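Hi,

Here is the structure I promised to pass on.

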Amino acid sequence: MNEAERLERRIEQGDAHVGTLGLGYVGLPLSVEFAHAGLHVTGFDLSQDKVAALCRGESYIQDIPSQRVASLVRTGRLRATTDFSALSECDAVVICVPTPLGKTKDPDLSMVVDASKAIAARLRPGQLVVLESTTYPGTTEELILPLLEERGYKVGESFFLAFSPERVDPGNPRFGTRNTPKIIGGVTAACTRVARALYEKAVDTVIPVSSTRTAELVKLLENTFRSVNIGLVNEVALMCDRLGVDVWEVIDAAATKPFGFMPFYPGPGLGGHCIPIDPLYLSWKLKTLNYRARFIELAGEINSAMPEYVCSRVSDALNEREKSVKGSRVLVLGVAYKRDVDDVRESPALDILNLLHSRGARVSYNDPYVPSVQLNDLGLHSVELMAGVRDADVVLIVTDHGGYRYPDIVEAARLVVDTRNATKGIVSEKILKL
Ligand SMILES: NC(=O)c1ccc[n+]([C@@H]2O[C@H](COP(=O)([O-])OP(=O)(O)OC[C@H]3O[C@@H](n4cnc5c(N)ncnc54)[C@H](O)[C@@H]3O)[C@@H](O)[C@H]2O)c1
């Protein structure tokens, strides 16, 4: 029996020990799913706080109930540690660390490199390593493989390496780790086979592709598709403003076509850890190959100008009422980057608050999921909703959280600027839409 067959058998019999490096929005749900499937899971993170919370059986990710973590910790299926020496005990190690952009908007793979080095230092025959972090095509084979091969082991024979992009959609009640199909691409056919065996334990549908590069590009296509389509529809919103047409009505009417059209909606700008960032990983890689990714650049330009456009709508609305932005009280509703989540990473609401504050507006916000935010030079706490609405010169709807009761908000407000069509169906002179 060779190493691949031995590892596959351990996985199939439920004896495999899985390590997850990085216990955030991606790593924790995955760890829980593997543990729930009956595998022994050790989660590794640099954060003492996260590890301590998990050891107490507490979850810090909204979609994962503490109860679920607690029962897995109690039965010994899931443990967490900051001590990376236990990596050598793992049969499979999955890397789920952040892949942000650096100051110059280039990929920052320093955490992937650190995680890979930690694994490489303890690599032993028979181990599978999978990268889940979103990255540019070529990362797994150009960056991680050489680090792992430094020990002299041969990929596909003594150890196995694959890429499998995470598709988690925080706050989505319908699709979670188990029922979202999973793409897998290995460095060799044996790598794909072993990785497939692992994921089939925890995910209903696993889709192998021919290479790690293909798997890396699948993720970037998915997110570039969203960024470009949102860019297109944001530009249509700007066109509609000039044409005097309601963009929301146009989209809803177009969406009645049963084929060949998929609705995307305009908004105050892109947010979250994926859509604003991932396409730039692709365009960066293409730049090194002397190719300009024009759709990505254009969509990025349009989407990143939306916060400025929203501020100009607020300014116009105040101007109509003979008021200036300077000195006006603006209440932003929702600062999380999307509905019903507590994540403010890259949220356009922060850009909007910064822009309005820098123009002299007296800004405040309400968000049932986010108790406080830090702006460039101002810290804010979420204010009580209806008192804030009554107090504001303008209520600016940025994130359409499910709990907001818009008829009451519009009734109590002096003026509402709605970037999400959240007030659909409410007829009032006070409402100005994107
Ligand atoms: N959040 C999402 O919705 C989502 C969806 C799909 C893909 N992704 C991708 O998944 C990756 C992880 O994203 P996330 O949202 O889970 O990030 P996160 O910031 O929530 O979690 C990452 C964790 O990794 C830890 N970490 C950093 N360096 C480490 C190291 N060297 N060793 C061990 N732990 C380390 C951090 O302390 C943190 O707890 C990124 O590449 C992201 O683009 C995220």
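Predicted model: local features only at pLDDT ≥ 70, side-chain atom pairs only at ≥ 80, totals over all residues.

Residues are numbered from 1 along each chain as its sequence is written, and side-chain values use heavy atoms, with hydrogens and water left out.

The structure has 26 salt bridges (a side-chain nitrogen of Lys or Arg within 4 Å of a carboxyl oxygen of Asp or Glu). Here are a few of them.

Glutamate 33 pairs with arginine 178, with the closest N and O atoms 3.8 Å apart. Glutamate 33 sits in helix 2 and arginine 178 in the loop between strands 6 and 7, so the bridge ties together parts 145 residues apart in sequence. (Helices, H or I with at least four residues, and strands, E with at least two, are DSSP runs numbered from the N terminus.) Glutamate 33 is buried at 8% relative accessible area, while arginine 178 is partly exposed at 29%. Buried means under 20%, exposed over 50%, and partly exposed in between, using a 1.4 Å probe and protein chains only. Shared partners also join Glu33, Arg68, Arg178 and Asp204 into one salt-bridge network.

Next, glutamate 132 bridges to lysine 182 at 3.3 Å between the closest N and O atoms, and both residues are buried.

Finally, glutamate 308 meets arginine 359 at 2.7 Å, N to O. That pair links helix 12 to the loop between helix 13 and strand 10, 51 residues apart.

Cheers
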